[in-house]
Amino acid sequence: MADALVTAEGLGKTYGVTNPTRALDGVSFEIDDAEFVSIIGRSGSGKSTLLNLVGLLDTPTDGSLRLDGHDAASLDKDGRSHLRNGLLGFVFQFHYLLPEFSVMENLTMPARIAGKPADKSEGAFVEELVEMLGLEGLSKKGANDLSGGQKQRVAIGRALMNRPRIVLADEPTGNLDTENTEAVYELFRQFNQQWGTTFIIVTHDQAIAQRTDRIIEIRDGRLVQDVRNTYGKPVAMLGEGLPGR
Amino acid sequence: MLSLRIAVRFLRTSPVQSGLIIAGIAVGIAVQIFVGSLITSLQANLLNQTIGSASHVTIVAIKDGDPVTYSDLVKKTVRSSSLVRTVVPVRTVTAVFTKNTQNVPLSVTGGDLTNLDTIYKLTARTQRGRASLGNGEVMVGKDFADKYAVSPGDRISLNLPRQAPVNLRVSGVFDLGSSAANARSAFTGSGFAQRALGISSDKYSAIQVQMTDPFESKAVVADWQGHLKVQGIKVNDWQVENKDLLSALASQGSSSYMIQVFVLVAVALGIASTLAISAVQKTRQIGILKALGLSDSAAGSIFLWQATIMGVVGVVGGIALGLLLTTGFTLGTAKSGSGFPIVVQPSFIAISAGIGLTVALLSSVIPTRKTTRLDPIEVIQNG
C-alpha cells in the first residue's frame, strides 16, 4: 500500500522548558492526494501549531511526520526549505506579501527561489494563474497598492506557483469580507479539483469548514474528531465539536 | 541571483537609509585618502627640503679637518652598492667675505658642476646669472646676494686661511630652498678649493653620497664602515644626524594612521548599526522568504550583497571625493604660494578601496548571522 501524502503519528509539540506548555499532544492522521481538508478548533487549541508542523515551519518535540515519503525528522534545514518551496504552498491570514515587490514578483517568488526562470518558461503557467485569480492588469502594481481580497488572491497564486502537491492555509479568510471569503473558497476548490492539489485549511469559519471534504477537530492539543463530510446530511451527524454546535 | 535582486530591492526601497550608509563609507574613504596622502606628501616634501639637496652618506676622515683620499678601495666600495644614486667628492673650505666692516663666513664647496648638480641641482636652482664654475668663478646663494647686494658679474674678495685674499667673479645666484644655506654656502670649481686647501688631486674634504632610498642609508653605512675603517676614514649617516626630524616624521606618520583607523572604525560602526537596523526592519520579509523556501545561506547573503553594493558605491564615491579634496587642497595652497602638491599614490587608493570594502563586508557579519539564524516560525507565529 502506497504511503499517504501526509502521515502524522503521535505528533506532539511542547513550548518552553521551565514552564512547558503542551500545544499539541499525540495527534495522528493521514491525508491523501487531492484531499480537501479543514482543521477546526478554538483559539489556542493547537490547530495552527499542527499546520506549522505539517508545513515544516516548526519541529515536533515528539511523534513522527512523513510528507510525500520524506521523514521530517531526517531533514536538515536546507532539506526542509527545499520541501517548503516545492512540495508545499502556504496561504496565511495576513497574506504576507513582500511590500518591496510587485504583484508579479510576489506571485513568482517561489519559482525564483527554486531557481526557475519564472518570466520565460513559466510564462504560460503564470498567465493562466493570473487569469484564474482574476489579477489581470495588476501585475506591475506594488503589493501594498492592492485591496485585502486582491492581496489574498496574490498570496494564493504565490502558494500555487510551484504547483505544490499540498497547500496549507492558516485562516485564509480571517480578514476578508463575505464576498472575498467566497472567492477564496471557490479558488481553493477550483485548484483542488482541476490540479488535484491537496488543501489543508485551518479555519474558524464554519461556512468554509462545512464545505470541505474532511474535517479534523483539535481541542486542547488533541485530535478529537476526524470525519468525512457527508454533504447533504445534517452536520450534527458528523459528531460533536463542529463550529456552531 | 535572487539574493542580489532582493538586496538591490531592499536598498532601493530605503533610499535615505542606503544613501546615508553610502555617504558614510564615501566620507570615510575620502578622509583616509586625503589624510593619508596629505601626510605622506608632507613627509616627502619635508624630507626633500631637508635632505633632497644634501648628502645621505658622507665619507670623511676620522680626524676633523683632515682630507680623505678618494682611493680605488673607496671608489670600489661606494660603486659596488646598487642603492647609491650618486657619488660627489667635494672640497670644502671656509672663507671670509668682507663688506665694509662686516666679516661673513662662507662655506665654499669646490667640485665639478655636473657632479655637484646630482646633489645640489645648482643649474636648476640658478635664479640669476648662469650656472658656471669655471676658473675664477663662484656661485653664491640668494640670501647672501640680496643682503650684500651682490649680482652676477660682480667680483667678490674672499679671505682664505693663511693665504692672500682671492678675487672671484660671481657667475650665478642660486636658491637651495633654505635661507641658512643660501646665506652661508658658495660653490666654486674643484681646482680653487684644492689650491685653497693645499691638498693633492686625489684628496677631498668629503665623499658625498645620495641613495636611491634615503632610508636605506643605515645598512649601507654599516657595510661601508666594515670595509673602510682601516683607511682612517669614517662614514656618517644622515639618519643619525637628523634623529629629531625622523622622530617627528614617525610621530606624524603614527598620528596619520591613528586618524585613519578611527575614521574607519567610526565608518564600520555606522554601517554595522544601520545594517543591523535594516536587518530588524526586514525580519518579516526574510521570515516570509524563508517560509517560502529560501535557504539560510541565500537569506544570509542578502545583507552580504547589500554591504558589498554599498561598499563598492561608497568606495568609488569616496575615491572621487578624496581626489577632489586633494586637488582642491593642492590648488588652494598653490594660490597662496605656501603649499606643496599632494601626490595620491594609485597603490594607496587601491589599499583604501580594499580596506573600505573589507570594513563594509565585516560590518555585515552581525546582520548576516542574524538573518541566517532567523527561524521563519518566529515571523509566522508573531504575525
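Reader: Where does A:Arg163 lie in chain A?
Author: This model is predicted. In it, A:Arg163 has a positive phi of about 45 degrees, although it is not a glycine. Its place in chain A is the loop between H5 and strand S7 (166-170).

Reader: Is A:Asp68 buried, partly exposed or exposed?
Author: A:Asp68 is found in the loop between strand S4 (62-67) and strand S5 (70-71) of chain A. A residue counts as buried at 20 or more other C-beta atoms within 10 Å and as exposed at 12 or fewer. Because A:Asp68 has 16 such atoms within 10 Å, this residue is partly exposed.

Reader: How are H3(A) and H5(A) oriented relative to each other, roughly parallel or roughly antiparallel?
Author: Helix H3 (residues 103-113) and helix H5 (residues 148-160) of chain A pack with their axes 6 Å apart, at an angle of about 30 degrees. Angles under 35 degrees count as roughly parallel. Therefore H3(A) and H5(A) are roughly parallel.

Reader: How many residues of the contact of H3(A) with H5(A) are nonpolar?
Author: On the side of H3(A), the residues include A:Val103 and A:Leu107, and those they meet in H5(A) include A:Val154 and A:Arg158. In this contact, 2 residues are polar and 1 is charged. The number of nonpolar residues is 5.

Reader: What distance does helix H10 of chain B reach from its first C-alpha to its last?
Author: Helix H10 (residues 243-281) of chain B has 39 residues. At 1.5 Å a residue, 57 Å is expected. The distance reached is close to that, at 56 Å.

Technical notes. Residues numbered from 1 in each chain as written. Chains lettered and ligands numbered in written order. Predicted model: local features only at pLDDT ≥ 70, side-chain atom pairs only at ≥ 80, totals over all residues. Helix = DSSP H or I, 4+ residues; strand = E, 2+ residues; numbered from the N terminus. Expected span 1.5 Å × (residues − 1). Axes fitted to C-alpha atoms, helices over the stretch in contact; angles between N-to-C directions. Parallel < 35°, antiparallel > 145°, perpendicular 65-115°, else oblique. Contact = placed C-beta atoms within 7 Å. Nonpolar A, V, L, I, M, F, W, Y, C, P; charged D, E, K, R; others polar.
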